[in-house]
Amino acid sequence: MKQLHKQPSLHHHHGQIPSPSPAPVTKPSKHHHHHHRSFPRSVVSYLLREHRLLFLLAGALIASSFFLLHPSSLSLSSSPLHPSSLALLPSSSIRGVVHGGAGGRRIPVGLRKRPMRIVVTGGAGFVGSHLVDRLLDRGDSVIVVDNFFTGRKENVVHHFGNHRFELIRHDVVDPILLEVDQIYHLACPASPVHYKHNPIKTIKTNVMGTLNMLGLAKRIGARFLLTSTSEVYGDPLEHPQKETYWGHVNPIGVRSCYDEGKRTAETLTMDYHRGAGVEVRIARIFNTYGPRMCLDDGRVVSNFVAQALRKQPMTVYGDGKQTRSFQYVSDLVDGLVALMESDHIGPFNLGNPGEFTMLELAQVVKETIDPSATIEFRPNTADDPHMRKPDITKAKQLLNWEPKIPLRQGLPLMMSDFQKRILDEK
Ligand SMILES: NC(=O)c1ccc[n+]([C@@H]2O[C@H](COP(=O)([O-])OP(=O)(O)OC[C@H]3O[C@@H](n4cnc5c(N)ncnc54)[C@H](O)[C@@H]3O)[C@@H](O)[C@H]2O)c1
């Protein structure tokens with residue numbers, strides 16, 4: 001109270017607040033009781049004098065507008081940000097925007113890191129090329145290592161000439177020496193048509209390729225992310241599949257080169273973590289679709305879309321009642337980046353829990369692409385799992401990630417890319 005009464009005279013003395021009629025200094029009351037009763041009135045009159053109320057309100061307004069506006073300027077990572085606007089930001093703020101960490105955690109400005117050098121094996125493939133787009137957009141340098149077995153230069157050609165982008169034709173079955181901060185290890189044919197084409201090569205890629213990239217991670221101290229698969233659950237006896245489920249896999253079947261190959265890749269990843277202290281991350285990816293998928297790779301979404309666009313019947317294997325979940329590729333890329341930047345090893349299921357039978361999928365393709373499309377039934381292939389649906393609770397809780405794009409919204413997004421490539425074939 002004493003200070004309240006003294007301050008005006010102090011301000012006035014220093015001439016900080018112009019006052020047409022200086023307020024008389026009120027003597028502090030000797031009687032405590034009396035002093036308390038006069039408190040509210042004296043505060044009000046104090047505030048009303050010398051435009052103090054006006055200054056107080058202006059201050060409160062400035063402070064509240066700062067707190068309202070500031071968070072939105074920091075949370076760019078959660079809002080769709082055009083690459084061109086990222087280009088306007090200094091790289092330090094790009095790092096902060098994107099490397100906000102798992103679950104949208106924000107890193108204080110002063111602790112933001114420099115842009116990273118990242119290798120993406122299989123970066124000329126379907127998922128890899130979308131991941132490369134994302135990493136370059138946020139300001140990092142990317143080296144793609146790919147042997148072009150199923151990948152295509154066309155998937156990354158738009159980055160040629162970008163000084164932060166490099167493309168190396170290399171087979172991960174052979175060792176490679178690079179200096180990078182992070183390794184996204186995707187190299188592996190992903191569709192049954194391709195991985196069954198040369199099963200020995202597929203398992204070599206999974207085992208020797210993963211060993212080589214883990215060896216590199218150990219040598220240079222890079223963080224390593226493995227793109228594993230829902231196939232590690234085999235023909236599951238648990239539905240939906242949680243990460244704790246150990247799977248029901250045929251070790252000697254025609255798909256085993258891929259399924260068991262990925263299971264071994266997971267084992268190697270964990271052994272390098274436990275035995276050599278490598279920082280690792282494991283993603284178990286469920287069916288993903290989007291632009292740049294191979295046209296005729298036997299994966300059901302690309303098959304149906306390509307067949308509908310070519311005016312051919314959509315081939316359904318078995319009775320068409322087997323279920324799958326379908327995730328749009330940008331959702332997967334969000335999940336992979338969130339996992340890599342998080343403090344969690346995994347494994348994490350990354351997929352869209354929306355479950356469709358093959359017949360329902362054919363119906364959605366009909367509705368969105370060609371209402372006159374027809375269906376043709378064929379005998380089922382060996383070891384085809386009957387149902388597949390991710391339980392993504394763990395990724396939701398620990399990575400703050402979940403897919404955003406439903407099938408009916410995602411399918412039209414791959415249409416124009418498929419249409420263009422089908423036309424180019426002719
Ligand atoms: N797309 C999906 O639905 C899905 C589902 C589960 C897991 N995955 C995993 O995600 C990763 C990417 O899959 P995708 O759908 O993009 O497949 P993709 O076939 O389009 O891409 C794989 C890429 O790896 C390259 N590659 C293959 N063998 C290689 C080798 N020995 N050395 C160097 N490069 C090699 C290919 O040329 C291609 O560019 C794979 O590891 C796959 O197992 C994908």
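Predicted model: local features only at pLDDT ≥ 70, side-chain atom pairs only at ≥ 80, totals over all residues.

For your selections, residues are numbered from 1 along each chain as its sequence is written.

Switch to cartoon view and you have 15 helices and 13 strands. Both are DSSP runs numbered from the N terminus, helices (H or I) having at least four residues and strands (E) at least two.

**Stop one: the sheet**

Which order do the strands of the open sheet have? Seven strands line up as S3-S2-S1-S4-S5-S6-S11, with parallel pairing. Two strands pair if DSSP finds at least two bridges between them. Select 165–169 and 348–350 to see the edge strands, S3 and S11, each of which pairs on one side only. From one strand to the next, the twist averages 20°.

Now zoom in on residues 223–229 (S5) and 280–285 (S6): these parallel strands are joined by six bridges. Find Thr229 and look across, where Ile285 in S6 stands opposite.

**Stop two: a helix over the sheet**

Axes are lines fitted to C-alpha atoms (for helices, over the stretch in contact), and angles run from 0 to 180 degrees between N-to-C directions.

Click on Gly215, which sits in H9. Is Gly215 buried or partly exposed? Gly215 counts as partly exposed because it has 17 C-beta neighbours inside 10 Å. Then pick Tyr272: it is 57 residues from Gly215 in sequence, yet their C-alpha atoms are 8.3 Å apart in space.

**Stop three: the core**

The largest nonpolar core has 79 residues, and those with the most contacts inside it are Ile183, Phe224, Val305, Leu336 and Val365. Such a core is a set of buried Ala, Val, Leu, Ile, Met, Phe, Trp, Tyr and Cys residues joined through C-beta atoms within 7 Å. H12 gives the most to this core, with eight residues.

Centre on Ile183; leaving out residues up to four places away in sequence, it touches Val119, Met213, Leu216, Ala217, Ala222, Phe224 and Leu225. A contact means that two C-beta atoms, placed from the backbone, lie within 7 Å.

**Stop four: two crossing helices**

Show 126–137 (H7) with 329–341 (H12): their axes come within 10 Å and cross at roughly 65°. On the H7 side, look for Val127, His130, Leu131 and Arg134; their partners in H12 include Leu332 and Leu336.

Most residues other than glycine have a negative phi, and most peptide bonds are trans. Go to His239 and Pro240, which are joined by a cis peptide bond with omega about -5°. Another cis bond runs from Gly346 to Pro347, with omega near 0°, and Pro347 is in the loop between H12 and S11.

Finish at Lys311, which has a positive phi of about 60° although it is not a glycine. Lys311 counts as exposed because it has 10 C-beta neighbours inside 10 Å.

Conventions: Buried ≥ 20, exposed ≤ 12 C-beta atoms within 10 Å, placed from the backbone.
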